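Dear colleague,

I am handing over the structure below, together with some notes on what was found in it. Please read the notes with the model open beside them.

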Amino acid sequence: MLSTLQTPRSLSRFPLHFPSKSFLLHTSTKSLSSEPVTFASLTDQSIPTTTTLPPQSQILTIRHSLISRQVTATELVQSYLNRLRITEPQLKSFLHVSDTVLREAHELDKKINNNEEVGPLAGVLVGVKDNICTADMPSTGGSRILEGYRPAFDATAVRKIKELGGIVVGKTNLDEFGMGSTTESSAFQVTANPWDVSRVPGGSSGGSAAAVSARQCVVSLGSDTGGSVRQPASFCGVVGLKPTYGRVSRFGLMAYASSLDVIGCFGSSVADAGILLHAISGHDRLDATTSKQDVPDFASQLVSTNSSESKPLKGLRVGLIRETVDNGVDTGVISTIRAAASHLEELGCFVTEVTLPSFSLGLPAYYIIASSESSSNLSRYDGVRYGNQAVTDDLNSLYGDSRANGFGSEVKMRVLMGTYALSAGYYDAYYKRAQQVRTIIRDSFKAALDQNDILISPASPSPAYKIGEKKNDPLAMYAGDIMTVNVNLAGLPALVIPCGFVEGGPAGLPVGLQMISAAYDEGKLLKVGHIFEQTLENYKFVPPLIADDIITSK
Amino acid sequence: MASTIFRNFQAHPFLLCPTTALFGRRSRVLYCTMRNPESQTATREKQQPQIKVSPHTQNNRLDKFSKDYDAVIGIETHVQLSTLTKAFCSCPYDYGSPPNTNVCPICMGLPGALPVLNSKVIEFAVKLGLALNCKLSLDSKFDRKQYFYPDLPKGYQISQFDVPIASGGYIDLDLPVEFGGGHRRFGITRVHMEEDAGKLLHSENGSYSQEIALPLHFAVDLNRAGVPLLEIVSEPEMRTGIEAAEYAAELQRLVRYLGVSNGNMQEGSLRCDVNVSVRPLGQLQFGTKVEIKNLNSFSSVSRAIDFEISRQVQLLSQGQGDRILQETRQWEEGAQKTVTMRKKEGLADYRYFPEPDLPAVSLREDVLFLANDIYVANFFDATIAKGADVKLATNWIMSDIAAFMKNEKLAISEVKLTPQELAELIACIKGGTISGKIGKQILFELLAKGGTVKGLIKEKDLVQIVDPVEIEKMVDKVLAENPKQLEQYRSGKTKLQGYFAGQIMKVSKGKANPGLLNKILLEKLNANS
Ligand SMILES: [Zn+2]
């Protein structure tokens, strides 16, 4: 049984605002059909507010509440939509909000009333990054060239979510086609960080991270080519999971760099990220690069933290990557990560520093491979079959003008770089060499993971920075990807969990801890991450933007 | 599936009418109702390739100079595979379907769509590779070949670059005696897998050409996009149009025989692009290479090459060699000439790189066809045990026998052929007792009815005549019976050699060794002149 169903110790964790019912307060270690715990019984056992409650699985809580009929799906959805409506003008996380959410909730209520089976994600509002295709909503990839484009099909990940009862609440903002680390290079809007609206949410999945952080939706899908799930998770104080390459189908994900792209998950707890991963994983006959590896039920393997067991991670070998807590990394970030390492030690882990000599090679190799593949993948946006088409006299101008008008400057820069790197006479010096570096990086990770169960590092060398701060300094922005790109080059899974704060903004800025494991060992990351978050005391990762909302709900 | 998606698309006003993507400056009304003109006129070619070229049509001007020049011809052949579905999606391909009805998100290159390889493509490539005596790459891969063109939905073609699935083979053929006869072996540089592009359709106010400066009113039909192709590149070893046409005809026969393609040239299932260059005799360096496209029949292959050779020879002999440009020329059937289609401006840079959406191609499983089917493996082992050449036995079993079993829906245990007789057959061909062509005839007898190789050869009197004395008798007989033609030949009409050869072959009931026949014939013809 999931530990996340343990009796809450405080009300402050409950993100939902329900004027009539406080359904989410009802959590129980008993079976789902057990008597609901009442509001009164919870308040009675509340403990001093200085101690905060560890993150709960919102997905399991919602399921419990719906099935035990403490709340209707319509009420649940309405509350999220209300918060979305209130916060969206400041955050701008969504490019499109579905207009069928309430109808879908209503359908779900009918099913529940008829005692019909409902899927494990029933009533769960999912935000979907806009480079992931959805059949009934626009999917622009954040690009002007696909403005108004509606795909004819759902991405496999989206299809699976829908089949399990999840409700897609809308399409989240991103850097155009996933190219960027701030979400500022979206063609349509700039998303703000819920912790400090003058700062970026990170990127490229900034909209998905901000939406979960501000509880505009329960969980969300992002994509991670060089850190695009993990870095915004760190900036926004949410859990971000980058699965092993091949774990989740890319069918329906607009390709940026095919050999690096993966669809990843955001949640406000490790359990939610794990449940979402389980929902979308598995071999797909529409993606030849998906693996036939078994998909374990990640969430059911999350063990309850028992106060009687003081060292739940006893014997786990943890390697702190030395190069990631070195020069060039924000000192506040380093000390937060070191504190997290100490916390792991307290849990029984054996923490040592490991060096990955090839670490610094990752960034240039990544940018060559990613831009090369993107120059090819973006060739299809030519204005011929879909998307914005320029009005011109001849074919060359049709291509030129459609692409010149349709693409933003970051995309153009990467397409140009990639075209150059693949050109005759340069291929060996750039692309081929970058692939050789990739092999070296893969091998060095393998060696480090032979010695350690997991590796840890910051998810980003800095906390969220100001909007516009790095806009004219692309190299500084690219350098920010140093913590994450190596993992993509090696195809490994990584989990980012909020582990502390540094100064900045009205309430501090969250810092994420990145944990890396061997391929297809997401289960281990989730187990460790779950225990870590359940035992991390005195931190509350609810952004100030909605803190009032949550306090009101008390 | 395709039609469902087709409807889905129409339901979405945001899509720029993908039923037919059409460029239009003013008009964005894009649905193309035009029938493909080829679907109405296409006639099936005869099952057996036939080259309808008279041996007497080559012009005299060419004769005058050609003995001072040497033509070098290489052919790139694209064979469209007759798989049930396209190479990377589940769309069928039906030639002549209305435009954009056999399409889906994958072959239209829609955002987020990914290719998944149809394993039949590999199977067919392996079959043809083996039949062409190629070496197979056990570890191969796909690459992206990148260029922009409206008929190329993804902006790149999935192809193979540096590791083709098969390479270093050859094809054996016997030239028809009326063209001088003789055995030829042409090298096969490589065979690789790739996907076809769509087609540009004409519109009323614009003709279509491959030039990049297209008129703006034209439509793209993506039915053909993603159909699997094998590209077969020959060594530049042919010297005449006839040799090239015979090479193409032999390829057609082969792909039909193997069941990998219908080989229909008019429908474009078999397309030949020919490279022709000419150099003075004795010069080692190749002349400037000209590519010829739009060759829709074997006779056009032959005539276009001979025209092009004579054009180049004439320019060279007039000291205007610099007017031979590296370019692509188009064969105009009506005018019977080649005309400039586009000039090559340096080498195109296709920026090839390995296709990241597809795993590497490992042939181990496919090649293990022999080992996977235990009965086939036993049959193979037994054939080898009887002393048959391993490579030849592999080829026969993988291609001809496998094709027969498939067509007749028989298991190896049900065919009448025994390993003993297969080994015998291989030995007879290798030893020159019978020709390869006759060997295949015998094989089918053996597969269907059984019997022995020796028995069939004897019964049907199929032994190749390799005795020079016997051939000489036939030559003498034919020359004696045609005094008028002999006189014409000796007064300069040397083309008549083909005529004589044909008559002699007839007399021998097709059994005379073509090489010997021609050698003796030439000696006799030129002896008393
Ligand atoms: Zn298709």
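**Salt bridges in chain B**

B:Asp389 is partly exposed, with a relative accessible area of 25%, where partly exposed is the range between buried (under 20% relative accessible area) and exposed (over 50%), computed with a 1.4 Å probe and the protein chains only. Its partner in a salt bridge is B:Lys430, with the closest N and O atoms 3.2 Å apart; a salt bridge here is a side-chain nitrogen of Lys or Arg within 4 Å of a carboxyl oxygen of Asp or Glu. B:Lys430 lies in helix H11 (residues 419-430) of chain B and B:Asp389 in the loop between helix H9 (374-385) and helix H10 (390-408), so the pair ties together parts that are 41 residues apart in sequence. B:Lys430 itself counts as exposed, at 58% relative accessibility.

Before going further, please note that this is a predicted model, in which local features need pLDDT of at least 70 and side-chain atom pairs count only at pLDDT 80 or more, while totals for chains, interfaces and linings use all residues. Residues are numbered from 1 along each chain as its sequence is written, chains are lettered from A and ligands numbered from 1 in the order in which they are written, and side-chain values use heavy atoms, with hydrogens and water left out.

Over all chains, the count comes to 48 salt bridges. One of them joins the side chains of B:Asp70 and B:Arg279 (3.4 Å, N to O). Since B:Asp70 lies in strand S2 (residues 69-80) of chain B and B:Arg279 in strand S12 (residues 270-280) of chain B, this pair ties together parts that are 209 residues apart in sequence; helices (H or I, at least four residues) and strands (E, at least two) are DSSP runs, numbered from the N terminus. Both B:Asp70 and B:Arg279 are buried.

A further salt bridge is formed by the side chains of B:Asp196 and B:Arg224 (3.4 Å, N to O). B:Asp196 is in the loop between strand S8 (183-195) and strand S9 (199-201) of chain B, and B:Arg224 is in the loop between strand S10 (218-221) and strand S11 (228-234) of chain B, so the parts that they tie together are 28 residues apart in sequence. B:Asp196 is buried, with a relative accessible area of 5%, and B:Arg224 is buried as well, with a relative accessible area of 16%.

**Chain A**

Chain A contains 17 helices and 11 strands, and of its 554 residues 65% count as buried. Helix H6 (residues 206-213) of chain A is largely enclosed by the rest of the structure, because eight of its eight residues are buried. This helix is followed by A:Arg215, whose phi is positive, near 55°.

A:Asn377 belongs to helix H10 (residues 362-377) of chain A and is buried, with a relative accessible area of 2%. The side chain of A:Asn377 makes a polar contact with the side chain of A:Ser258 (3.0 Å), a polar contact being a pair of N or O atoms within 3.5 Å, where within protein one must be able to donate a hydrogen and the other to accept it, and residues adjacent in sequence count only if both atoms are side-chain atoms. Not counting residues up to four places away in sequence, A:Asn377 touches A:Ala255, A:Tyr256, A:Ala257, A:Ser258, B:Arg144 and B:Tyr156, with contact meaning heavy atoms within 4.5 Å.

With kind regards
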